[in-house]
Amino acid sequence: MSASTHRVVLFVLGALVLAVGRDARADDDVAGAAKAFAQAQEVMLAGDVARAADLFELADELSPSAPALRNATRARFQVHHHAMAATHAAELLRRYPSDKESRSVAEAILTKLTPQLAQLEITCTESCTLEVDGKAIAARRRELFSFFTQPGERSLVAVFADGRRATDKLTALVNHITRARLEPPPKAPEAAPQLAPAPLTTSIETRPPEAKGLSRGWFVAAAVVTVGLGAGATLFGVQTLKTRDQVRDSVETGASDSSELYDKGRDQQLRTNVLLGATAAAGVATIVIAVFTNWSGAASASGRDVGFVPAHGGGTLVYGARC
């Protein structure tokens, strides 16, 4: 028989064995398990028992079955992996208590190995994977792990589904069941949601819009100036008329001061004419200012005082401002 034909026969036999003795599960990989089982038989015949044990365990993991686990138990015991052999034997009794061959193999191995090994039962409060001294006990998460180990100090690490880890240390006692319970650490508090920063608000003092146009004070000032100039022109006009009468009387009487009075009257007439012109100009300016004056009553930023103070020989225009 050729090597390839031999492999095919082993694969078919392995598939038949697993189909008869497996535990039915929805996620089983029967074809993969049969392939691993056939390879295990082949390397077993070649004398590589440790490699065969690995493959039998792989087959049992892909599709649990009594033949795969039973052969893995024998292979581990044969290469003196006593802790693993005893663990597989205990699993055989748990899974297949009514299978005569599995029970016979398991009881024989446990009778020999239990007195020299320690047994651990580790419970996880949530489904987890377990590492003992850095080595994984099983590939799949579960809540209970029961296995044998050499006596002594052991370091445990449980890894939970969300990545949290729990650690513990214990002393495994020979021919004794040592139990431990691992639970995940409290979850870190969730970070508070980052709220968008409140928009910066700035208090701005607002002022009512300034009224357009000239302040009424300008009109008042222009009017006062116009009135003041008019008053000055009137005053000078009266004086000019008075001087004119004096000149006329002086001429009629033949007084010697007629020439002086005439010169005085002429100067007064000139000043009167100048003031009249200024009054007319101020009046026109007052009318123009009145057109552009804001009559809405808005207060101006500053106050202004304008006044005309009569004085000897004329008058004084006073203009003042206050902030």
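Guide: pLDDT is the predictor's confidence in each residue, on a scale from 0 to 100. The protein chain averages a pLDDT of 79, and 70% of the residues score at least 70. Over residues 2-17 the pLDDT is below 50, and this stretch has 16 contacts in the model beyond near neighbours in sequence; contact means heavy atoms within 4.5 Å. Residues 299-303 also stay under 50, with six contacts beyond four places in sequence.

This is a predicted model, in which local features need pLDDT of at least 70 and side-chain atom pairs count only at pLDDT 80 or more, while totals for chains, interfaces and linings use all residues. Residues are numbered from 1 along each chain as its sequence is written, and side-chain values use heavy atoms, with hydrogens and water left out.

Now to the helices. Two packed helices are described by the angle between their axes and the distance between the axes. Helices (H or I, at least four residues) are DSSP runs numbered from the N terminus. Their axes are lines fitted to C-alpha atoms over the stretch in contact, and angles run from 0 to 180 degrees between N-to-C directions. Angles under 35 degrees count as roughly parallel, and those over 145 as roughly antiparallel.

Start with helix H2 (residues 30-45) and H3, whose axes come within 8 Å and cross at roughly 165 degrees. H2 is therefore roughly antiparallel to H3. Their crossing is left-handed, a term for a near helix turned anticlockwise from the far one by less than a right angle. From H2, the contact includes Phe37 and Met44, and from H3 it includes Leu55 and Leu62. The residues of this contact of H2 with H3 divide into 13 nonpolar, three polar and one charged. Here Ala, Val, Leu, Ile, Met, Phe, Trp, Tyr, Cys and Pro count as nonpolar, Asp, Glu, Lys and Arg as charged, and the others, Gly among them, as polar.

Next, helix H3 (residues 49-62) meets helix H4 (residues 66-78), with axes that come within 8 Å and cross at roughly 155 degrees. That angle makes H3 roughly antiparallel to H4. H3 passes H4 in a left-handed crossing. Among the residues that meet are Ala53, Phe56 and Asp60 in H3, and Leu69, Ala72 and Arg76 in H4. The contact of H3 with H4 has nine nonpolar, two polar and four charged residues.

H4 also packs against helix H6 (residues 100-113), where the axes come within 10 Å and cross at roughly 25 degrees. H4 and H6 are therefore roughly parallel to each other. H4 passes H6 in a left-handed crossing. Residues of this contact include Arg70 and Phe77 of H4, and Val105 and Ile109 of H6. By class, the contact of H4 with H6 has five nonpolar, two polar and four charged residues.

Definitions and conventions:
Helix = DSSP H or I, 4+ residues; strand = E, 2+ residues; numbered from the N terminus. Parallel < 35°, antiparallel > 145°, perpendicular 65-115°, else oblique.
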